[in-house]
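Please look over the sequence and the model first.

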Amino acid sequence: MLLEVKLVNVKSYDQAVVKFSEGLNAIIGENGAGKTTLLEAVGFALFDSLPYKISEFIKRGEKKGEVSVKLAGPDGRIYTVVRKFGESGTTDYYVQDSELGRIAEGKGEVRDWIRDTFKIDIDPPSLFENAIGVAQGKMTSQFLETPSVREAIFSPIIGVDGYKKAYEKAREYEKFLEEKLNEINAKIIELKVHISRKDILLTKKRELEETLGKLSKKEEEINKLISPIREKVEELERLAKEISLLKPEAERLKERGTNLIKITKKLQEELEGLEELEKKLESVREMYFKYLEAEKEEIELENQLKKILDEIEKLEELSEESIRLKEQLNLLKERLKEVEEAAKELEKILPLAEEEEKLIEEINRIERSERLKKEISQQIDFISKSLQDKKHQLEVLSEKERMVRQIEEAVRKLQSIEELKENLVKKISKFKTELKLKKDQLEKMEHDKCPILDTDCEKIVEARAKLLREVEHLSNQIAELEKKSIKVQQLAEKKKEAETKLNRLRGELKQKNSLLREIDEHKNRLNKMKEELEKLEKDITRRKSVEERLKVIRGSVAKKEQLTAIVSARDSIVNEIGKGEEKLKAITMDLSRLKELKMIEDQIKKELKEVRETKMSCRQGYEYYTSISKKIEDKPKIERELRDVKKELLETNSKLKIVEGKLKEVERKFSDEEYKHLRVKLERLSGELKSVRTEIEGLKRNLKDVNAELEEVEKKEKLLNEVENKKHGFERKYRFIKDMREVFKAAIPEMTKAYVEAVSVEANRIFCELMEDYGWDLRWEEDFGIKARYMGREIDFAQMSGGEQMCAALAVRLALLKITSSLGIVFFDEPTQNMDEHRRRNFASQIGRIKGFRQIFVISHDDTFEEMVENAVKIVKERGTSRVVA
């Protein structure tokens, strides 16, 4: 049983808690108020059903939402199912036991808990969408669909869909097995073809092995002949190679000795030339050192001159800066005079500016008062109109109170009518029984015979006459009682109508207290608003005088701000003047050194000229000394090279003698004629050996291929056994799956028939209760359509009126829900659409009497249900937000 539904940031709800009770619950509100959202929330939390994206379930402008459903389980314990979600999906989903804490977490565990707890064997979303909480508009429309569409909707609910899926799935597996058997048969044929070559391969193997043996013997014989010849050829080739190496080496050494003699002669001549230059160097040594001294002094004087010139340049720049600084100081002093004049003018304008600011603030306040006055006037008009409406409603309710008292008095007078009706039925039944007995006795007395002994009897005539009088008297009494019964029945119906009307009026009178409170609140608000309006009127009357004064002094604030900006610059100007005068004083002191620096500049330039003249007079001697010094520096290097060349010449001559001796010895041992003869013989034998070996290699490869084929054949033989065994297994599975599909095929219509018959019996009972007419015979067909028989006439669902269709659809869905689960709750979303006033009231009175359901929820904009139930939840929507009205 559902106890409470809590919504946080769900569609048009900020936060709402809705409590439910056992029995019939009505959720009332205008279209679009948010009633169906409660149904969707229950489906989302308990059955994982939502007809759109989760992101669309969150209130616009929010990032996350939450639905929690508190319920009482079949074991009597209290559980809360909580589902939290964001724009991307569910963030937390769990079941909370009131004592044990969380007992299921995540979509899988929560779904399993719901199915186990409420004995649901089918897909929960399908059960909810097509039985528990059928969406508005689908209640009847689904029964008007084609049989194939109806089958897709209802077969999952009764569980037949699972058998159909199993049947189709088994067909896929049967097809898979057929394909596998075809593949295996093809494989067996292929393997047998391969295995048939085994005898041919064995014969070929023996022939190859015999030929290979003969060629191996021939190879050994050739190897014995070729071995000594190869050794002699290799020795001669080694000697030939040594000769080819020694001859070039001897030539190289001779050429190197000749080159070294030339190099020795050249180095000797260079050394003699250097010794001659050393003698000439002494004559220019003094001029060289005098040039170096003058060059050093020139660099020092140039550095001094550069420093003096840099300092003079800086002082000249300071002179230009002092001129600019004097001009700036004159400008700043003129600005300071302007600031002093502005300060005097500012003292005069300050009072007027303050007054102008106050007047502008006063005007703004008066304008706010005018806007507030307009808003309050509009509210007064609205509340006054609302107050008149509510007073009219109160008058209507007072009239209804009078009607209630009248109806209560009438009902009280008719209180015993049911008892009277029952007594009349009992009397009529008793008299009819007596009448039947007496008529039976009359039949036996028809021939004036004793009814006991079955013989003629004179007393029977008298008894028969008496009995006829009694039968006539009883018939008259029964007729009289039946007339009374009709009148009593009419009174009972009037009483029932009066009670229905009384319940409706009592439901409407529940609004009286809240209406009285609202009237008092409206009166209080009107009084407060009128008081506030009087205060605002006083403020508004001052506007004209304030505007006249403001016109006189307008612009004072702007003038004040302008003068304040000028005066605020005074301190910075004074500060700039002080800093400028200090800087000018420092520059004047620095400029006093300029004359002294000019004199030093002239003295340095004079000394620099004398040094450069000395340098020019010694330049030729310096350059001659420098060039000769560089050449003489190479003398030690040439001396070392000369020693090294002489040493290498001696070593080269020694190596040449050794190489020439070796060459003569090797040439004596080598015979070119013998080498050519042996070489021809070796090549002939090697060709024969290569031919034999090539043939042997070819035979070995062939033999290897034959052996590999034989191994492959043996593998194929083993594989053939395995494949044949596998084939037997697949054949057994294929026979089993075909038999199983036949079982599924036969079971589907039988199960459908069993469920449909069970649902039809229960649906007919519910339908007759809703219609208050037990002359109907409602059936749910095996194609999941609805048919009925009434007064001997067969009626199709499409031929029924809108109200009859709604009652029939409700009856089938209730019966279906009752048979497929133990949940005991059901929702009706706008069930009275297409019903006239009488049918709506009859439906409202009958719906709560349906047996087998612990809770029934009716969602409707029709206030008929509000009058008929004890627990009515009213939903209103204000400024886009839905809320529950207490």
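How many helices and strands are there in the protein chain?

## Overall build

The protein chain has 21 helices and 14 strands. Both are DSSP runs numbered from the N terminus, with helices (H or I) of at least four residues and strands (E) of at least two. The chain is more spread out than a compact globule, because its radius of gyration is 64 Å, well over the 29 Å that the globule rule gives for 886 residues. That radius is taken over C-alpha atoms, and the rule is 2.2 Å times the number of residues to the power 0.38. The C-alpha trace spans about 200 × 140 × 50 Å along its principal axes.

## Basis and confidence

The model is predicted: local features need pLDDT of at least 70 and side-chain atom pairs count only at pLDDT 80 or more, while totals for chains, interfaces and linings use all residues. Residues are numbered from 1 along each chain as its sequence is written, and side-chain values use heavy atoms, with hydrogens and water left out.

The term pLDDT stands for the predictor's confidence in each residue, from 0 to 100. Its average over the protein chain is 80, and 92% of the residues score at least 70. Over residues 450-454 pLDDT stays under 50, and the model has 6 contacts beyond four places in sequence for them. Where pLDDT is low, the predicted coordinates should not be read in detail.

## Surface, contacts and charge

Of the 886 residues in the protein chain, 37% are buried. Buried means under 20% relative accessible area, exposed means over 50%, and partly exposed lies in between (1.4 Å probe, protein chains only). The accessible surface of the chain comes to about 55700 Å², and carbon and sulfur atoms account for 50% of that. Accessible areas come from the Shrake-Rupley method with a 1.4 Å probe; for residues, only the protein chains shown count as cover.

A contact means heavy atoms within 4.5 Å. Among contacts between residues at least 6 apart in sequence, 76% join residues at least 24 apart. The chain carries 182 positive and 184 negative side chains, and the centres of the two sets lie 2 Å apart. Lys and Arg count as positive and Asp and Glu as negative, without His and the chain ends. Each charge is placed at NZ of Lys, CZ of Arg, CG of Asp or CD of Glu.

## Residues in helices

M139 belongs to helix α4, which covers residues 138-141. It counts as buried because its relative accessibility is 7%. Not counting residues up to four places away in sequence, M139 touches V134, M806, A809, L810, R813 and F828. F857 is 718 residues from M139 in sequence, and the two C-alpha atoms are 15 Å apart in space.

I566 is in helix α13 (residues 556-567) and is partly exposed, with a relative accessible area of 35%. Leaving aside neighbours within four places in sequence, I566 is in contact with V339 and A342. I566 and L336 are 230 residues apart in sequence, with 10.0 Å between their C-alpha atoms. G273 lies in helix α7 (residues 198-281) and is partly exposed at 36% relative accessibility. From G273 to K635 there are 362 residues in sequence and 9.8 Å in space, C-alpha to C-alpha.

## Residues in loops

The loop between α1 (35-47) and β4 (64-72) holds D48, and F57 lies in the loop between α1 and β4 as well. Beyond four places in sequence, the residues it touches include N9, V10, K11, F44, Y52 and F85. The C-alpha atoms of F57 and E582 are separated by 78 Å, and the two residues are 525 apart along the chain.

Most residues other than glycine have a negative phi. D48 has a positive phi, near 55 degrees, and is partly exposed with a relative accessible area of 33%. M791 is not a glycine either, and its phi is positive at about 55 degrees. M791 sits in the loop between β9 (786-790) and β10 (793-796) and counts as exposed, at 72% relative accessibility.
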